[in-house]
Amino acid sequence: MNHGEKNNPISYRGGLRRFALVMLLLTALLLIMLTVNLMVGSVGMSASRVLSLIWERLFSSSSGALELGDATILFSIRMPRMLLACVLGGALSVSGFLLQAFFRNPIAGPFVLGISSGAKMVVGITMIFLAKKLILSPGSLIAAAFIGSLLVTALVLLFSQKVRSMELLLVVGIMVGYICSAVTDVTITFASEQDIVNLKYWSMGSFSGKGWEQVKAAALVCLPAVTASFLLSKPMGAYALGEGYARSMGIGLKPFRLALILLSSLLSACVTALAGPISFVGIAVPHITRTLLKSSRPALVIPAAFLAGAVFCLGCDLIARTVFAPTELNISTVTSVFGAPVVILMMLSRRRGSEG
Amino acid sequence: MKRFFETSSLSVGYNGKALIEDIDIALGRGRILTLIGPNGSGKSTILKTVSHQIARIRGAAALGGSDLFAMSPKELAKKQAVVLTDRTRPELYSAREVVSLGRYPYTNMIGRLTAEDRFIVDSCLELMNASSFAEKDFSTLSDGQKQRIIIARALAQQPELLVLDEPTAFLDIKHKLELLSLLRTLAREKGLSVIMSLHEIDLALKASDLILCVKDERIAAFGMPDEALSAVSISELYDLEKGSFDPAFGSLELESAAGKPKAFVVAGAGLGVPVFRRLQRQSIPFASGILFENDVDALAAKNLASSWVITPAFEPMSEVGYEKALELMLRCESVIDAGTPIGAFNKPNERLLGIAREKGLINGKYD
């Protein structure tokens, strides 16, 4: 076969070049966000101070510097918080993208479908009724949230067989979310003072007060799950054409769909367990990513959406802790302010697109 | 004919209930089989069963010598590609990306396209005349362009058997013809076998090697186009009441005006057809004569006129025919001369026109 003249390399590489550009941009933004997050706070530090502290930590093994106040703030407070925001932000955005692939609809996300609220409910119940017997390690919280996510996901899937329109399914998801929140509220009523403080604090959603233990747990769960999601990108692309075509290309639909749901639930459960429910990131960030890439190819979108989710959450967390300092906003407040308009715009443009 | 695809006592249906039973068809490599029949007759059910979209009820099928239903999805994907009637609307996929998905069974774990894959995608786009809009977002294309992309995707899968459910839907005449000639070319040159359903009976008869007529959830006929049509007429197959299908022209005719003929058309040599059509549009029942057997006008008159006089071709028109035509003509209000030249064999028509002129029947009433 002659592979010469007819092959048009530009049209194939155009997408990849754009991808490289977007990745470069997101990496740059991420580095800026990381630095700013480390610098800004109740104790301001210059970039050079931050860098020299990190340098010392990495390359001089003398333990003397560790006692410094700045170093404690940097390594015990800011750095774990920042890394958690990175990993969980990326995880949430990938989780949303998986759900969107599953429903073949960009308006699906763990928060709007009530999945985050389901996770919150089970974590809440666990915190109140089982906390005395169990030590609430990040791992057990993630497990509880995963069970909650799966419960609601199963419910939503059951409804989705009856309900053909995605809009209606969203309404169902939002209602399920309210029911879960109501159940959570009821359990709070019966909780002891100490538990309420913990639960309220957690259920508002925040990256604050998190240590290295949480970062480790998040990394251990999310990074393999995101990698696994990336490995599903090939069938995800074919699935976008519809079940019939996907089947005709040799995809085993049942295991594939199950894998999508499990991964998506695991990722969003991890976020909810460690930082509380965070709204709109799962829809807004993948949408922004697709728009930047001008493509929905999962192999491109998943890595970019992970980075973009990290940047988005770092940015939102920065705003959450600085705008009204020393009072902190909860993270969902900030993500809603930025995420919800994106979702509204997206729904409006989709309407126009489908009618026009 | 070597059998490339074959079914034996195949029953198809939904949810374990057989809809069509005992389908026995065979298709050679490089042959085109077209399913025709009214909506809801079960054409799609057969196609969906053949393409593993739904489970078969009973029976067997073989593709290239191996059991079709025992094949793994991956194996099948390299042998068979489909064009479904499902509306597919991937968002933010360029047309080229959709076609590239056809390479799915051949690419590596993350679906990277090799130079050869890209070459195949490009040539399939070209085959479907779709290179000009390959970079556009699929969702912004017209229905016809989308259909061409979906077909290009199926071709990029490089199947041995192509299964298409109503592939001509949404295509305009140009692209309908181009698609069917492309399928013929691919069948002849690449040995591609095709099973499809079509609504255009005329094109189906012309483009297919084999025809399967499905009616009321059973197989009404199977065979080469003329064989199949001698077993079941199109009017029967589709329950045509308002109109008819002419296998000779391969054309559908609207219902002719019923009742006592009001006009008589002296015609022949194809000059009558436009007159017939005009009268039919105006719902004026008419008769025509004297026509030679198998003259275009004679074929058309059988579909459109309420009565006609036809005599054997290649010999002078008989006196019997003349008498019959005269009687028929005199019962009409008006006579129309289609302008057919008079020669040695059709002199009686000249006599008819002469009498009509004398009796003032050439009065232009229905001209």
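Predicted model: local features only at pLDDT ≥ 70, side-chain atom pairs only at ≥ 80, totals over all residues.
Local features are described where pLDDT is at least 70 and side-chain atom pairs count at pLDDT 80 or more, while totals for chains, interfaces and linings use all residues. Residues are numbered from 1 along each chain as its sequence is written, and chains are lettered from A, with ligands numbered from 1, in the order in which they are written.

Read from the N terminus on, the elements of chain A are α-α-α-α-α-α-α-α-α-α-α-α-α-α. Of its 356 residues, 47% count as buried; a residue is buried if 20 or more other C-beta atoms lie within 10 Å of its own, exposed if 12 or fewer, and partly exposed in between, with C-beta atoms placed from the backbone. Two residues are in contact if their C-beta atoms, placed from the backbone, lie within 7 Å. Among the contacts in chain A with a separation of 6 or more, 79% come from residues 24 or more positions apart.

One helix pair in chain A shows how such packing looks. Helix α4 (residues 115–130) of chain A meets helix α6 (residues 166–189) of chain A at an angle of about 15°, and their axes are 8 Å apart. α4(A) is therefore roughly parallel to α6(A); angles under 35 degrees count as roughly parallel, over 145 as roughly antiparallel, 65 to 115 as roughly perpendicular and the rest as oblique. Axes here are lines fitted to C-alpha atoms, for helices over the stretch in contact, and angles run from 0 to 180 degrees between N-to-C directions. The crossing of α4(A) and α6(A) is left-handed, that is, the near helix is turned anticlockwise from the far one by less than a right angle (right-handed if clockwise). On the α4(A) side, the contact includes A:Gly118, A:Met121 and A:Ile125, and on the α6(A) side it includes A:Gly177, A:Cys180 and A:Val183. By class, this contact has 5 nonpolar, 7 polar and 1 charged residues; Ala, Val, Leu, Ile, Met, Phe, Trp, Tyr, Cys and Pro count as nonpolar, Asp, Glu, Lys and Arg as charged, and the others, Gly among them, as polar.

Chain B brings in a sheet. Its 6 strands form an open sheet with mixed pairing, in the order β7-β8-β9-β4-β10-β11; two strands pair if DSSP finds at least two bridges between them. At the edges are β7 (80–83) and β11 (218–223) of chain B, each of which pairs on one side only. From one strand to the next, the twist averages 15°. Helix α1 (residues 43–50) of chain B packs on this sheet, touching β4 (32–36), β8 (161–165), β9 (193–197) and β10 of chain B, and its direction makes about 145° with that of β9(B).

Because 5 of its 5 residues are buried, β9(B) is largely enclosed by the rest of the structure. B:Ser193, B:Ile195 and B:Ser197 point one way from the strand, whereas B:Val194 and B:Met196 point the other way. β9(B) runs parallel to β8(B), to which 5 bridges join it, and B:Asp165 has B:Ser197 as its bridge partner. With β4(B), the pairing is also in the parallel sense, over 4 bridges, and B:Ile32 stands opposite B:Val194. Elsewhere in the sheet, β10 (residues 210–215) of chain B and β11(B) run antiparallel and are joined by 5 bridges, with B:Cys213 opposite B:Ala221.

The two chains also touch each other. Their contact takes 35 residues from chain B and 31 residues from chain A. On the chain B side, α2 (73–79), β7, α3 (95–100) and α4 (115–127) each supply at least two residues, and α4(B) gives the most, with 6 residues. By class, this side of chain B has 19 nonpolar, 7 polar and 9 charged residues.

Finally, some backbone details of chain B stand out. A cis peptide bond, with omega about -20°, joins B:Gly289 and B:Ile290; B:Ile290 is in strand β15 (residues 286–292) of chain B. B:Asp22, in strand β2 (residues 17–23) of chain B, has a positive phi near 50° although it is a residue other than glycine. B:Asn129 is not a glycine either, and its phi is positive at about 55°; its place is in the loop between α4 and α5 (143–156) of chain B. B:Asp22 counts as partly exposed because it has 14 C-beta neighbours inside 10 Å, and B:Asn129 counts as partly exposed because it has 16.
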